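Please find below a short note for a colleague who is meeting this structure for the first time. The points begin with the fold and then turn to the aromatic pairs.

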There are 2 protein chains.
Amino acid sequence: MRLTTKGRFAVTAMLDLAMREANGPVTLAGISERQSISLSYLEQLFGKLRRSELVDSVRGPGGGYTLARIPADISVADIIAAVDEPVDATQCGGRENCHDNHRCMTHDLWTNLNATIFDYLAKVTLGSLVEKQRAKEAAAKDNNVMQDKRESSPRMTASASSAL
Amino acid sequence: MRLTTKGRFAVTAMLDLAMREANGPVTLAGISERQSISLSYLEQLFGKLRRSELVDSVRGPGGGYTLARIPADISVADIIAAVDEPVDATQCGGRENCHDNHRCMTHDLWTNLNATIFDYLAKVTLGSLVEKQRAKEAAAKDNNVMQDKRESSPRMTASASSAL
DNA sequence: CAATTCCCGACTAAATTTGTCAACTATTAA
DNA sequence: TTAATAGTTGACAAATTTAGTCGGGAATTG
């Protein structure tokens with residue numbers, strides 16, 4: 001298992017999708033805008049997600065993507081595995097007799113490491129993430145109400161205000 | 001924290017070094033041959049490892065690299081951090097106000113994930129890896145003795161024998 | 001038909017990996 | 001002692017792979 005920005009983008013997009021699919025198919029254009037990920041890249045990623053049967057697509061106006069399973073049945077590990085082609089981490093082709101007579105020293109190291117990371121990510125589902133995110137947003141909303149009073153200082157730059 | 005082949009190569013090389021430095025400095029040429037990693041790439045990686053003060057270099061004949069600290073004090077996390085420049089995983093520059101008013105949804109997800117992985121890798125030291133590897137080699141040796149009887153077939157190539 | 005949206009392949013940019021060559025250091029021999 | 005030599009690190013550039021972009025096409029809806 002590899003951890004790159006590609007996988008992270010995919011998870012971000014899927015999380016966005018999971019939080020909105022109640023209102024029908026979600027367009028990539030929308031995800032692109034909300035998550036600041038280029039539309040082209042999303043199209044590429046969702047092509048893979050679709051081929052891995054994690055999402056379903058609906059064409060035409062009003063179309064977009066929906067999750068192929070319930071959020072609780074889609075793990076972060078599923079998503080990363082779908083977009084991040086394996087690349088055979090162990091350098092020895094997975095074969096046990098990696099090189100010379102003993103298996104390459106790091107074989108077990110990486111096998112174990114991969115298993116550890118994979119197990120962790122397999123436990124994290126879109127369902128649990130959506131739940132956490134909802135809770136966080138509710139809390140943030142409360143904080144913002146209080147912060148608004150403090151932050152209305154005179155020197156508020158254009159870039160700072162646009163950040164809202 | 002990112003997980004790529006680069007970091008894996010570095011750990012492999014450091015493990016090789018840790019297992020051999022008792023006999024004095026270890027040359028990159030040796031590591032290259034044993035671990036099947038290009039010499040050039042090793043040179044580049046060890047430049048970073050040296051600058052991060054994980055290894056010391058000795059020039060001239062009989063020179064090579066040695067560990068800068070005892071194996072038990074060098075963790076896999078140290079090694080990966082040394083060679084794999086951070087690249088700011090969270091996509092929002094580490095700032096809390098990633099984008100729009102709420103921090104980008106995945107901010108906490110990746111923060112937690114990174115912490116989990118880092119904690120795991122910080123616990124794994126070269127010392128513990130060497131120990132495991134030594135145990136494994138001893139076990140493999142026993143197996144090989146038994147296998148040797150089966151494998152002493154007539155067609156043993158030159159390359160196969162040189163692999164010993 | 002026209003608008004919206006997914007879909008696919010070629011293209012560009014960036015990162016990884018390998019290759020080449022220069023600079024340094026200890027040994028060796030005269 | 002000094003110069004030659006071989007072993008080694010260090011920096012730079014080429015080649016390969018991966019990440020990300022662009023343009024056009026196809027399906028669906030109204």
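1. Chain A of this predicted model contains 7 helices and 2 strands. Along the sequence these elements are arranged in the pattern α-α-α-β-β-α-α-α-α.

2. Of the 164 residues in chain A, 42% are buried.

3. Among the contacts in chain A with a separation of 6 or more, 63% are between residues 24 or more positions apart.

4. Over all chains, the structure holds 4 aromatic pairs. In one of them, A:F46 and A:Y65, the ring centres are 4.8 Å apart; the planes stand at 45 degrees, so this pair is classed as tilted. The pair links distant parts of the chain, since A:F46 belongs to helix 3 (residues 39–51) of chain A and A:Y65 to strand 2 (residues 64–67) of chain A, 19 residues apart.

5. Are these two residues of chain A buried or exposed? A:F46 has a relative accessibility of 0% and therefore counts as buried. A:Y65 is also buried, because its relative accessible area is 13%, and the cut-off for buried is under 20%.

6. In chain B, the rings of B:F46 and B:Y65 have centres 4.9 Å apart and planes at 50 degrees, so this pair too is tilted. B:F46 is in helix 3 (residues 39–51) of chain B and B:Y65 in strand 2 (residues 64–67) of chain B, so the pair ties together parts 19 residues apart in sequence. B:F46 and B:Y65 are both buried.

Note on methods
Residues are numbered from 1 along each chain as its sequence is written. Chains are lettered from A and ligands numbered from 1 in the order in which they are written. This is a predicted model: local features need pLDDT of at least 70, side-chain atom pairs count only at pLDDT 80 or more; totals for chains, interfaces and linings use all residues. Side-chain values use heavy atoms; hydrogens and water are left out. Rings of Phe, Tyr and Trp (its six-membered ring) pair if their centres lie within 6.5 Å; planes under 30 degrees apart count as stacked, over 60 as edge-to-face and the rest as tilted. Helices (H or I, at least four residues) and strands (E, at least two) are DSSP runs, numbered from the N terminus. Buried means under 20% relative accessible area, exposed over 50%, partly exposed in between (1.4 Å probe, protein chains only). Contact means heavy atoms within 4.5 Å.
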